Amino acid sequence: MSSVAEALSSLKTLGSVAQLRADAARGVAPASRPRVNTHIHLPPNFSAFSSVRQAIDLAVQQDVRVVGVTNYYDYSVYEDFARLAGQHRVFPLFGLEIIALIDELVKGGVKINDPGNPGRIYTCGKGITRFSPMSPRARESVDIIRRNDSERMRIMTRKLEAVFAERGVATGLTESAIIDRVVSRFGCPRERVYLQERHICQAFQERFFELVPPAEREGRLQGILGVPSKAQGDPVKVQNEIRAHLVRAGKPAFVEERFLSFSQAYELILEMGGIPCYPTLADGTSPICPYEDPIGELVDRIKSNNIHCAEFIPIRNTPAVLARYVRAMRQAGLVVTAGTEHNTLDLLPIEPTCVGGTPVPEDVKEIFWEGACVVAAHQFLSLNGEVGFVDAQGVPNAQYKSAEERIAAFRALGAAVIERYFRNVA
């Protein structure tokens with residue numbers, strides 16, 4: 001049995017659904033509210049972590065005991081995550097992230113939760129349980145995403161190499177060579193690697209530093225970028241400048257992306273057993289994207305897409321704006337979660353904080369804990385063949401009379417599930 005199957009089996013067999021519901025009715029829960037993070041990216045996705053073990057070790061050191069992984073397009077690494085989480089008493093939540101398009105908003109120039117691209121929407125799935133094996137329909141959609149993304153990265157690498165060579169620094173980099181670098185860095189199987197823009201920009205920065213002596217880098221980089229570099233030799237800043245001046249839309253190495261439609265992305269999340277979730281940017285950009293402002297209209301838009309969960313990456317947000325959005329969403333009957341992404345090289349604390357490391361308000365932390373419990377309960381019920389927080393069409397579980405009753409029941413069940421897991425793996 002694979003380690004993912006073992007992990008899912010251990011989550012499924014914590015006890016019968018009846019037993020865990022009885023625990024929930026008695027108020028069984030962790031003695032104190034655990035720290036939670038429902039959204040990190042693990043290598044070989046571009047990540048701050050050098051390995052899955054580092055991510056789990058840091059979570060344990062910082063006493064973050066509920067952690068959700070939300071990778072793009074390959075889920076093989078979930079095996080390592082599930083196994084190490086079990087060994088270190090960290091409750092695993094499984095998720096995914098998809099970039100999609102809403103055509104009418106593309107045509108209307110409406111920015112959703114991507115400040116640079118009208119009509120482009122980031123969408124997450126929470127509590128997925130059918131990633132190993134996938135259904136045929138899910139496999140078809142994931143394969144389309146992988147083919148489109150891989151072809152884009154292949155063309156982008158060729159274009160970027162041509163720019164560097166034309167401007168005096170031939171790197172010799174190819175898609176295969178960049179994959180080799182990722183495999184070497186993370187010690188992962190080659191078939192797990194699906195390149196992202198950041199992988200490519202990192203490889204070109206590294207190769208540039210290998211070929212050009214430090215004293216010559218500033219001048220040579222200006223020749224390549226076409227503008228003076230402000231990075232002052234900092235590798236990560238150089239990577240960001242390569243993205244900004246060579247890879248983004250309108251730049252010489254830009255390659256247009258091909259996405260699933262929003263309806264296809266939504267269907268994929270449900271095919272994998274998840275809860276569709278809207279990642280909210282809010283004041284993570286200025287001005288706030290029109291789709292997300294004002295908050296009342298954003299809630300209406302989320303619900304009109306049959307989405308009943310939202311997520312924040314609070315390090316983007318000020319405490320006041322975060323609190324305003326989270327409280328309004330929760331009052332409107334949405335479940336709300338929070339994570340850190342860790343999808344840059346900045347090794348942030350595992351527990352989410354606001355801009356500048358400012359603490360998340362306590363009542364908002366409580367809402368995020370509630371959201372993690374709902375996802376945990378959804379995972380548990382789905383693994384046991386029952387309807388989770390939403391059904392196979394994304395409709396909220398019809399056993400409950402209201403959103404408040406549903407959320408309260410799933411919060412209680414999720415807390416009981418997490419506590420039983422902690423006792424079983426202690």
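The expected span of a helix is taken as 1.5 Å times one less than its number of residues. In the predicted model described here, helix H13, which covers residues 319–331, has 13 residues and reaches 18 Å from its first C-alpha to its last, close to the 18 Å expected at 1.5 Å a residue. The buried residues of H13 are Val321, Leu322, Ala323, Tyr325, Val326, Met329 and Arg330. An α-helix has 3.6 residues a turn, so residues three or four places apart point the same way. The cover over the buried residues of H13 includes strands S6 (275–280), S7 (309–312) and S8 (335–338), together with helices H12 (295–304), H14 (362–383) and H15 (403–425). Just after H13, a positive phi of about 90° is found at glycine 333.

In overall terms, the secondary structure of the protein comes to 15 helices and eight strands. The radius of gyration of the protein is 22 Å, which agrees with the value near 22 Å that a compact globule of 426 residues would have. The C-alpha trace spans about 70 × 45 × 45 Å along its principal axes. Of the 426 residues, 55% are buried, and among the contacts between residues at least 6 apart in sequence, 76% join residues at least 24 apart.

Strand S3 (residues 91–101) has ten of its eleven residues buried, so this strand is largely enclosed by the rest of the structure. The pairing of S3 with strand S2 (residues 64–71) is parallel and extends over six bridges, with threonine 70 standing opposite glycine 95 of S3. With S4, by contrast, S3 runs antiparallel, and seven bridges join the two strands; here the bridge partner of alanine 100 is isoleucine 121 in S4. A further parallel pairing, over two bridges, connects S3 with strand S5 (residues 260–261), where serine 261 of S5 stands opposite leucine 101.

Alanine 85 lies in helix H4 (residues 78–87) and, at 0% relative accessibility, counts as buried. When residues up to four places away in sequence are not counted, alanine 85 touches Ile56, Val90, Pro92 and Tyr421. The C-alpha atoms of alanine 85 and leucine 268, which are 183 residues apart along the chain, are separated by 26 Å.

Several backbone features fall in loops. A cis peptide bond, with omega of about 20°, joins proline 43 and proline 44, and proline 44 is placed in the loop between strand S1 (35–40) and helix H3 (52–61). The peptide bond from aspartate 293 to proline 294 is also cis, with omega near 0°, and proline 294 is found in the loop between S6 and H12. The loop between S6 and H12 also holds alanine 282, which has a positive phi of about 50° although it is not a glycine; alanine 282 is buried, with a relative accessible area of 1%. Histidine 342, again not a glycine, has a positive phi of about 55°. This histidine 342 lies in the loop between S8 and H14 and, at 1% relative accessibility, counts as buried.

Methods
Residues numbered from 1 in each chain as written. Predicted model: local features only at pLDDT ≥ 70, side-chain atom pairs only at ≥ 80, totals over all residues. Heavy atoms only, no water. Helix = DSSP H or I, 4+ residues; strand = E, 2+ residues; numbered from the N terminus. Buried < 20%, exposed > 50% of the residue type's maximum accessible area, 1.4 Å probe, protein only. Contact = heavy atoms within 4.5 Å. Pairing = 2+ DSSP bridges. Rg over C-alpha atoms; globule rule 2.2 N^0.38 Å.
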